[in-house]
Amino acid sequence: MAQVKIAQVRKAYGDNEVLHGVDIDIPDGSFTILVGPSGCGKSTLLRMIAGLEAISDGEVIIGDKVVNDISSPERDIAMVFQNYALYPHLTVAQNMGFSLKVAKVPKAEIETKVKDAAKMLGLTEYLNRRPQKLSGGQRQRVAMGRAIVRDPSVFLFDEPLSNLDAKMRGQMRTELRSMHRRLGSTMIYVTHDQIEAMTMADQIVVMNGGYAQQIGAPLDIYDRPQNLFVASFIGAPAMNFLKAKAEGGQVHLTDGTLVDMKVSDTVTGDVIVGVRPEHLTLDPNGALQITVDEVEPTGSETHISATTAAGIAVKLVTAERVSAESGAALKAAYQADKLHLFDAETTNRIETL
């Protein structure tokens with residue numbers, strides 16, 4: 001195991017800089033997930049940690065060693081790719097033990113490590129099969145087993161579940177967390193799926209535009225997003241944003257509705273009030289006038305898409321079963337202690353009183 005430190009790391013392709021001085025501390029034994037939209041720089045950063053991309057500036061430190069100029073095989077890392085990258089002509093056991101064979105590890109030791117990893121991953125009965133006779137989830141477990149037998153200091157995962165169906169992704173998330181608990185290893189995982197990030201990570205790094213926008217525990221980021229991007233990206237359905245103005249310590253929506261929050265007298269001008277869909281409820285005495293657009297029952301929840309009197313699209317999520325026609329005029333109330341406030345110009349979070 002080893003801690004990983006990303007210190008002012010930059011990456012440029014000619015004049016195009018895609019990572020802008022990223023700083024991340026990844027504790028020894030943690031499960032850290034880099035999450036963000038396509039093109040945010042997360043996979044590029046992972047490949048730089050792996051030694052598959054050159055570092056334009058800054059340092060990558062694994063344990064107590066700067067690895068900028070150390071080749072990938074010498075970094076004591078193991079990487080699991082999105083496409084599994086299995087040898088089709090080899091059996092499961094041969095795929096899992098291939099890197100050890102190349103390293104001239106004794107055959108008996110290879111067999112022991114492969115059997116131990118296969119038992120951990122539920123692959124024992126498949127050791128003599130070839131990849132084409134396995135499901136997608138089983139192939140991904142083989143790819144993870146190939147990494148486990150190497151006993152690396154750091155595991156790297158590059159969107160390993162994106163090729164699986166929704167049910168299998170859910171199962172594999174559970175298996176990955178169980179594997180992390182058993183091994184206690186440092187794991188760095190890249191995904192664009194914020195549900196994966198929320199359910200698996202000890203630490204999340206939310207990335208956008210080549211910057212680390214916020215770093216923290218999943219629920220800390222969910223409860224206290226530091227800017228509008230993080231607030232909109234983390235959470236499904238996404239947070240609702242209502243235009244407002246702040247003056248004299250009070251906040252009013254654009255339709256004049258007074259919002260139940262207090263701010264410093266120094267906060268003035270255009271602001272954005274954020275409220276998550278589960279913190280809006282249908283209430284005949286509510287402050288928000290809404291017009292229903294669509295009602296989507298999921299079984300355990302009902303999702304309501306609506307438009308406010310100011311013409312802003314909002315979404316509500318309730319455990320109740322709601323029957324309302326499109327165009328119905330309703331009222332909604334918000335949980336005052338769950339509201340968020342952001343500066344409309346800087347997009348940064350504003351603390352309330």
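Me: Leaving aside neighbours within four places in sequence, which residues is V4 in contact with?

Reply: V4 touches I24, D25, I26, I61, I62, V154, T186 and I188. Contact here means heavy atoms within 4.5 Å. A word on the model: it is predicted, so local features need pLDDT of at least 70 and side-chain atom pairs count only at pLDDT 80 or more, while totals for chains, interfaces and linings use all residues. Residues are numbered from 1 along each chain as its sequence is written, and side-chain values use heavy atoms, with hydrogens and water left out.

Me: Why is V4 called buried?

Reply: Buried means under 20% relative accessible area (exposed is over 50%, partly exposed in between, with a 1.4 Å probe and protein chains only). V4 has 2%, so the word buried applies. V4 lies in strand β1 (residues 4–13).

Me: What makes β6 and β8 partners of β7?

Reply: Two strands pair if DSSP finds at least two bridges between them. Four bridges join β6 (residues 77–80) to β7, and five join β7 to β8 (residues 186–191), so both pairs pass. Both pairings are parallel. V80 stands opposite F157, and L156 has I188 as its bridge partner in β8.

Me: Why is the β-α-β unit of β7, α5 and β8 called right-handed?

Reply: A crossover gets that name if, with the strands pointing away from the viewer, the path from the first strand over the helix to the second runs clockwise. The unit of β7, helix α5 (residues 166–183) and β8 is assigned as right-handed, so its path runs clockwise in that view.

Me: What makes β15 and β18 edge strands?

Reply: The open sheet of five strands runs β15-β19-β16-β17-β18, with antiparallel pairing. β15 (280–282) and β18 (313–318) each have a single partner strand, so one side of each is left without a neighbour in the sheet. Inside that sheet, β16 (residues 288–297) and β19 (residues 329–334) share four bridges, and L288 stands opposite A332.

Me: Why is N240 called buried?

Reply: Its relative accessible area is 5%, which puts N240 within the buried class. N240 lies in strand β11 (residues 240–247). Beyond its neighbours within four places in sequence, its contacts include V273, L280, A313 and K315.

Me: What makes the approach of K315 to N240 a polar contact?

Reply: That term needs a pair of N or O atoms within 3.5 Å; within protein, one must be able to donate a hydrogen and the other to accept it, and residues adjacent in sequence count only if both atoms are side-chain atoms. The backbone nitrogen of K315 lies 2.8 Å from a polar atom of the N240 side chain, so the distance is inside the limit.

Me: What covers the buried residues of α2?

Reply: The cover includes α3 (107–121) and α4 (136–148). The buried residues of α2 (residues 92–102) are V92, N95, M96, G97 and L100.

Definitions and conventions. Helices (H or I, at least four residues) and strands (E, at least two) are DSSP runs, numbered from the N terminus.
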